[in-house]
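Take each exercise in turn, try it yourself, and then follow the worked steps.

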Amino acid sequence: MTGEMILGYMDELKHDIGELIAIKSVSCEGEDLPEKALDYILGRASEMGFAVKKIGKVAGYIEYGEGNELAAILAHVDVVPAGTGWSVDPFELTENNGRLYGRGIVDDKGPAMTALYCLKVLKDKGIKPKRKIRLIIGAAEEVGMNDMQTYFASEQMPDMAFTPDSEYGICIKEKGIMQLEISAPIHDGTLLTEFHSGNAINAVPSRAYALVDCTESEDNQLRRFADAKPGKYEFIFTQDGLHIEAAGKAAHASTPELGLNIAANLIKILAANFGEFALGSLCSFIDDAIGLELDGSSLGIACSDEESGSLTVNIGRVDIDENICRLLLDIRYPVSADSGGILRKIRQRAAIDGLKTKLIGHELPLSMEKDAPIISILSDAYENVMGEKPELYSTGGGTYARTMNNCGVAFGPAFKDDDTHIHDVDESISAENFNKHTMICMEAVYGLAVK
């Protein structure tokens with residue numbers, strides 16, 4: 001089996017993945033460390049004898065083979081913040097109890113380095129591709145994919161491609177992604193002094209902090225009320241007011257139902273106890289127009305289709321203090337939905353509370369035909385390793401596939417029976433599934449080369 005060719009490289013591969021994970025390339029915290037991660041993988045490729053090119057600070061490619069036709073693998077080396085509560089160091093590759101841990105082991109540093117080693121196997125074995133193959137690397141995927149905008153502004157669009165940045169089988173449809181900032185010019189709450197929750201717009205926040213100017217009697221009432229609600233709450237009464245630390249469960253914004261959005265839950269508790277006026281117009285909007293809903297019903301934007309499922313809404317960040325008053329909202333909408341209508345309804349509803357709505361990111365849906373050549377190549381790769389045909393599915397996740405004018409799809413690396421904790425603490429993959437992924441990826445890259 002072609003996929004087994006990579007198994008002899010596993011020690012080297014894991015070493016290089018570990019080196020890459022050790023670079024704290026959190027893209028929402030600046031370009032420097034993501035660029036360092038990009039430089040590392042391009043540097044390793046150059047040492048292996050591949051042609052490499054860097055495009056700006058956020059993208060580059062590694063190339064093997066010749067010809068006018070281009071096949072590509074797209075991967076990224078930036079990551080979301082680690083957050084707190086890991087059982088291991090998030091920026092160290094750790095193997096424990098049959099699992100590989102580390103921020104980026106699944107999303108997407110592990111798959112990026114695996115793809116490079118697949119090219120190395122072809123080169124070492126003297127397999128000459130019938131077309132150019134590029135491993136395209138980005139360093140700003142988690143903050144809107146402007147890295148691929150930069151890349152494709154000057155570089156050739158692939159004829160066919162895949163990105164190992166989702167789940168197996170083959171993702172042929174991706175929902176549209178709309179990211180919004182909803183803000184007030186000033187914070188106008190009477191009791192709520194501060195509120196902060198979330199690290200990234202595309203993740204369900206697991207931590208929240210609030211400072212409330214209330215009496216000790218109101219504090220005791222709030223404690224009793226919170227005891228019956230989801231989440232964990234810690235209350236500290238001081239002369240500055242009531243400090244509240246709350247904990248929920250993180251998840252990816254594409255699957256908000258898998259998490260517990262502690263921002264929404266804490267605002268719901270505060271609003272029920274103190275009233276919305278005391279919290280201010282932004283919290284009033286959050287409580288009334290979103291609440292604990294995930295489908296946008298109260299916003300008037302709930303919709304679904306058979307191809308890609310239901311619209312989802314995620315409260316990604318809330319920041320309120322004397323200097324800022326804003327909500328960051330992540331919406332995943334079905335491939336057949338009217339994005340303009342969705343945005344218009346949100347703006348109209350926010351305006352009722354005197355809030356402004358700003359579109360800060362919009363990625364159009366992806367819809368790939370089932371009989372496209374890339375689907376056949378990837379299907380064969382999966383079947384050769386797993387012994388069965390892959391499922392063709394849709395996702396709310398956003399990958400580089402949507403940047404390629406319907407010539408690419410998402411394919412792996414996660415398996416649906418493996419809780420990988422992507423965008424959560426303890427991101428990991430079973431060692432067995434990691435080995436399966438490396439073999440499937442090897443089969444897929446070989447297919448790009450010779451079919």
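Helices (H or I, at least four residues) and strands (E, at least two) are DSSP runs, numbered from the N terminus. This is a predicted model, in which local features need pLDDT of at least 70, side-chain atom pairs count only at pLDDT 80 or more, and totals for chains, interfaces and linings use all residues. Residues are numbered from 1 along each chain as its sequence is written, and side-chain values use heavy atoms, with hydrogens and water left out.

**Exercise 1.** Find what kind of peptide bond joins G412 and P413, and where P413 is found.

**Exercise 2.** Is N406 buried, partly exposed or exposed?

Step 1: Locate N406 in the loop between β23 (392–395) and β24 (408–411).
Step 2: Note its positive phi, near 60 degrees, in a residue other than glycine.
Step 3: Recall the cut-offs: buried means under 20% relative accessible area, exposed over 50%, partly exposed in between (1.4 Å probe, protein chains only).
Step 4: With a relative accessible area of 41%, N406 is partly exposed.

**Exercise 3.** Work out where D426 is placed and whether it is buried or exposed.

Step 1: D426 sits in the loop between β25 and β26 (428–430).
Step 2: Its phi is positive, about 60 degrees, although D426 is not a glycine.
Step 3: D426 counts as buried, because its relative accessibility is 16%.
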